[in-house]
Amino acid sequence: MRGKVGKWRTIWVWNDVKVKGRTGTCWGLRQLHEGPDTVEELLDRHLVKKDKTKDDNSSDELLNRSRLTSTRREALSLYRDILRASRFFTWPDSNGVLWRDVLRDSARREFELARFETDPEIVTRLLIGGHEAVHSAIDKLTEKQRQQIQKDRGGSDQR
């Protein structure tokens with residue numbers, strides 16, 4: 001199928017057609033989608049318009065819901081980051097339990113305690129604190145591993 005656009009609103013279409021063993025060409029004029037002319041029209045058409053009759057309490061409630069939805073997404077992301085980071089803690093503690101399992105249980109308990117928190121400020125603080133804790137734990141772990149590697153390399157060079 002080949003085509004040519006004419007005057008931005010119509011398209012001429014040529015199709016190669018095979019009917020009863022014969023090959024031919026047919027053409028037709030087709031109208032393009034009558035879309036918006038400007039970006040403003042596009043946005044007006046596709047964005048939800050704010051209803052002027054609603055009172056401010058319902059709009060505040062919608063805003064809080066959208067914030068909670070985004071913080072729920074962030075909380076899930078943080079929880080997944082904790083689970084991913086805990087894979088690197090493979091040594092046992094003094095009781096013989098792997099640190100990986102201790103960290104996962106601790107994270108689960110903390111998330112369960114904060115599960116029904118609705119104050120956006122407190123939720124944000126918890127998320128920021130969690131992200132900082134995960135990043136600092138990973139940074140400390142990588143630094144210790146670097147030191148161990150350098151120590152091992154230094155010991156093998158002396159042999």
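Helices (H or I, at least four residues) and strands (E, at least two) are DSSP runs, numbered from the N terminus. Leu127 lies in helix H4.

This is a predicted model, in which local features need pLDDT of at least 70 and side-chain atom pairs count only at pLDDT 80 or more, while totals for chains, interfaces and linings use all residues. Residues are numbered from 1 along each chain as its sequence is written, and side-chain values use heavy atoms, with hydrogens and water left out.

**Figure 1. Overview of the protein chain and its confidence.** The chain holds four helices and three strands. From the N terminus on, the order is β-β-β-α-α-α-α. The average pLDDT (the predictor's confidence in each residue, from 0 to 100) is 76. A score of at least 70 is reached by 58% of the residues. Confidence is lowest in strand S1 (residues 2-6), with a mean of 46, and highest in H3, at 94. Residues 1-13 have pLDDT below 50. Beyond near neighbours in sequence, that stretch has 39 contacts in the model (contact: heavy atoms within 4.5 Å). Where pLDDT is low, the predicted coordinates should not be read in detail.

Figure 2. Buried means under 20% relative accessible area, exposed over 50%, partly exposed in between (1.4 Å probe, protein chains only). Eight residues form the largest core: Leu78, Tyr79, Ile82, Ala85, Ala107, Val123, Leu127 and Val134. Helix H2 (56-86) and helix H4 (120-157) are the elements that give two or more residues to this core. H2 contributes the largest share, four residues. Ala85 is in contact with Val134 and Ile138, leaving aside neighbours within four places in sequence. In soluble globular proteins, nonpolar side chains tend to be buried together.

**Figure 3. Close-up of Leu127 and Thr71.** Leu127 has a relative accessible area of 7%, so this residue counts as buried. Not counting residues up to four places away in sequence, Leu127 touches Thr71, Glu74, Ala75 and Leu78. Leu127 and Leu78 are 49 residues apart along the chain, and their C-alpha atoms are separated by 7.4 Å. Thr71 lies in helix H2. Thr71 is buried because its relative accessible area is 13%. Leaving aside neighbours within four places in sequence, Thr71 is in contact with Val123 and Leu127.

**Figure 4. Close-up of Phe89 in its loop.** Phe89 sits in the loop between H2 and helix H3 (99-113). At 14% relative accessible area, Phe89 is buried. Trp99 is ten residues away from Phe89 in sequence and 5.6 Å away in space, C-alpha to C-alpha. Residues up to four places away in sequence aside, Phe89 touches Trp99, Arg100, Leu103, Ala137 and Leu141.

Figure 5. On a 1 Å grid over the protein atoms alone, a pocket is an open set of points where a 1.4 Å probe fits, with protein on both sides within 12 Å along at least five of seven lines; lining residues have an atom within 4 Å of a point. Of the 31 lining residues, the closest to the centre are Ala75, Leu78, Ala107, Glu110 and Phe111. H2 gives the most to the lining, with ten residues.

Technical notes
Core = buried A, V, L, I, M, F, W, Y, C linked by side-chain atoms within 4.5 Å.
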